[in-house]
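Subject: Structure for your review

Dear colleague,

Please find below the structure that I am handing over to you. I would be grateful if you could read the notes after it with the structure open.

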Amino acid sequence: MGNYSLSALGGGIGLRHAYFREIIEKKPACNWFEIISEDFMDYGGRERESLREIGKHYPIIGHGVCLSIGSTDPLDMEFLHRLKAFLHEIKSPWASDHLCFTMVDHTNLNDLIPLPFTREAVTNCVERLKIIQDTLELPFLIENVTRYVTLSDREMGEAEFLSTILEEADCGLLLDVTNVYLNGQFHGYDPLAFISSLPLKRVGQIHLAGWEPASDGTIIDSHDAPVPDVVWDLFRETIALTGPTSVLIERDKGLPPLSDLLKEATQADQIMHASCKDNKVHAAG
Amino acid sequence: MPLANFLSAVRELILDTDTFADNLDDRVADYTTRFPALSPEEIQDLAKITPDRLKIYTSTIFHGEKSTLLNHFACSFACLAKYWEEAYRRKFSEVGLVRALHRRYPWETNQTITLANNYVRYVAEALTEIQNVCPWIVDLTNLELLSLITKREHSDVEARDSLQEDELLQLTVEEILSLKAQIPEYVHFEQFSYDVIEVIRSFHQKSSIDTVPTTKNPVSAICGRNQKLYPRWAKTDIRLHDWLRDRRQKAQIDIEELADFFLNSIADPADSEEEVFILFLRTLTSFINAGILVISRT
Ligand SMILES: [Fe+2]
């Protein structure tokens, strides 16, 4: 077992449509796949059938983008129940979504918008996370998002905001190491110090991704490039602190051959195992 | 709830603000007028954010929506790009279109189908000038929307469950007439004013818009999904279209009944019985291949 009482599955990759056929036909070695739940849950047809076939051979974990955990619009209970049915159908051992808001005033922002780091936002998230966990009846992880802005840090900083919600809602952390690295760049803090200050016993999964700077040099968390060395280095230091867990290589655009992504997942596995060998305490955990 | 006002202001700044004041004091003044429910501290928090950082979200959001729509409406987007300048005397911008769509019909759910419906409605209701240049654009967006719906529909039966064309052709006439068929739940019936089936076929072959209807030419069509579960359209005689549509809820359709209808209502009386049967078989196999009819093997 890894942290937060979840299985440590090692390296896995995001399941994208472009890879369906190759995975179904060749069944390449891969510890697990993560899916965006909303890309499948309401649909029949090719997507659902491919997922069913792939799910016969690999663990599938549902990761969400639409729960809008930090919103002030009422929680969409009908959506939550559909999500629950889907996650249980695919036997997802846990579920996750982002600590952010994506809808407000019944308008879809179609992006992961960060929250103001205020006590009021903490209370709102905690209340909603309790309902989400009670409804889904699965271990639930919240993911730290990349943020290009600080909406408010008068009352507390990001690490305190995230840690307080994790403790008060009693949920797990999907630690996106790339997001921490990029936020460190955007807002001028030390990523490792940030990670070290979190309740790492709650880490149930890790995300790693890369980015290709835009032509004007702007960097966004675009998931369109291999994981860069700076993120591998930060991951190496992070995994030494968290112990074994499930590590996902996120890629959404500029999809490379499947074998390239699987190599990155293997690299994550190797770093994790090397780190755990060096650190007997965590290896035993 | 003050948090609700704050998040609402963030939404407005990201989605609905084209220009921002350059300096902090001017932004404070502007936001104080626009967001009277916010406290001075909250106004300060928002004003401190440099507009270029907020615009990163604006850009990723509308580019994301454009990519989603392009995935499902590639052909109508290509039509808009081709005829936009002629209709509006300015260059076509995909992201500009998506922003204008948002202003008129904000995306009110977390489901792609809502965005798709909004787009189809927007083209029909707001883009009237381009309809003068390519009047089939509304039909085309409807066709793409129905293809998307058909592709994702749940169904207990699929095209591959059907008796296939090669098996059908080995049967005797009596055996064929004794078969039973079913119309799967994903099947959609539609009538278009223009032959947009040919527009989309040619677009899929050539990735460009070069076959376009020159006149109104009503077309009845049925959308199913093939063995690989991709949507497929079959043009059909309107009487046959309506006959099948009226029976889509039935658990079973007798092929003999369908053949009778074909013979008595559709076939050219001048054709021989054999010619009519060959024509019927051709129609039947086109329905099987498009997953419009699923024929039981027993
Ligand atoms: Fe992530």
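Predicted model: local features only at pLDDT ≥ 70, side-chain atom pairs only at ≥ 80, totals over all residues.

The iron ion is coordinated by four residues: A:Glu143 (OE), A:Asp176 (OD), A:His207 (ND1) and A:Glu250 (OE), at 2.0 to 2.4 Å. Along the chain, these donors follow the spacing E-x32-D-x30-H-x42-E. Two of them, A:His207 and A:Glu250, are 43 residues apart and link distant parts of the chain. A:His207 belongs to strand S9 (residues 203-208) of chain A, whereas A:Glu250 lies in the loop between strand S10 (246-249) and helix H9 (258-278) of chain A. A:His207 has 0% relative accessibility and therefore counts as buried. A:Glu250 is also buried, because its relative accessible area is 5%, and the cut-off for buried is under 20%.

The angles among the four donor atoms run from 85 to 171°, and the site is irregular. A tetrahedral site would need all angles to lie between 85 and 135 degrees.

Helix H9 of chain A also holds A:Thr266. This residue has 40% relative accessibility, so A:Thr266 counts as partly exposed. A:Thr266 and A:Gly11 are 255 residues apart in sequence, yet their C-alpha atoms are 6.0 Å apart in space.

Finally, there is a hairpin to examine. Strand S5 (residues 101-104) and strand S6 (residues 107-113) of chain A run antiparallel and are joined by three bridges. A:Val104 has A:Thr107 in S6(A) as its bridge partner. Two residues lie between the strands of this hairpin, and A:Asp105 takes a positive phi near 55°.

Yours sincerely

Methods:
Residues numbered from 1 in each chain as written. Chains lettered and ligands numbered in written order. Heavy atoms only, no water. Pairing = 2+ DSSP bridges. Helix = DSSP H or I, 4+ residues; strand = E, 2+ residues; numbered from the N terminus. Donors = N, O, S within 2.8 Å, 3.2 Å for Na, K, Ca; no water. Tetrahedral: all angles 85-135°; square planar, octahedral: opposite > 155°, others 65-115°. Buried < 20%, exposed > 50% of the residue type's maximum accessible area, 1.4 Å probe, protein only.
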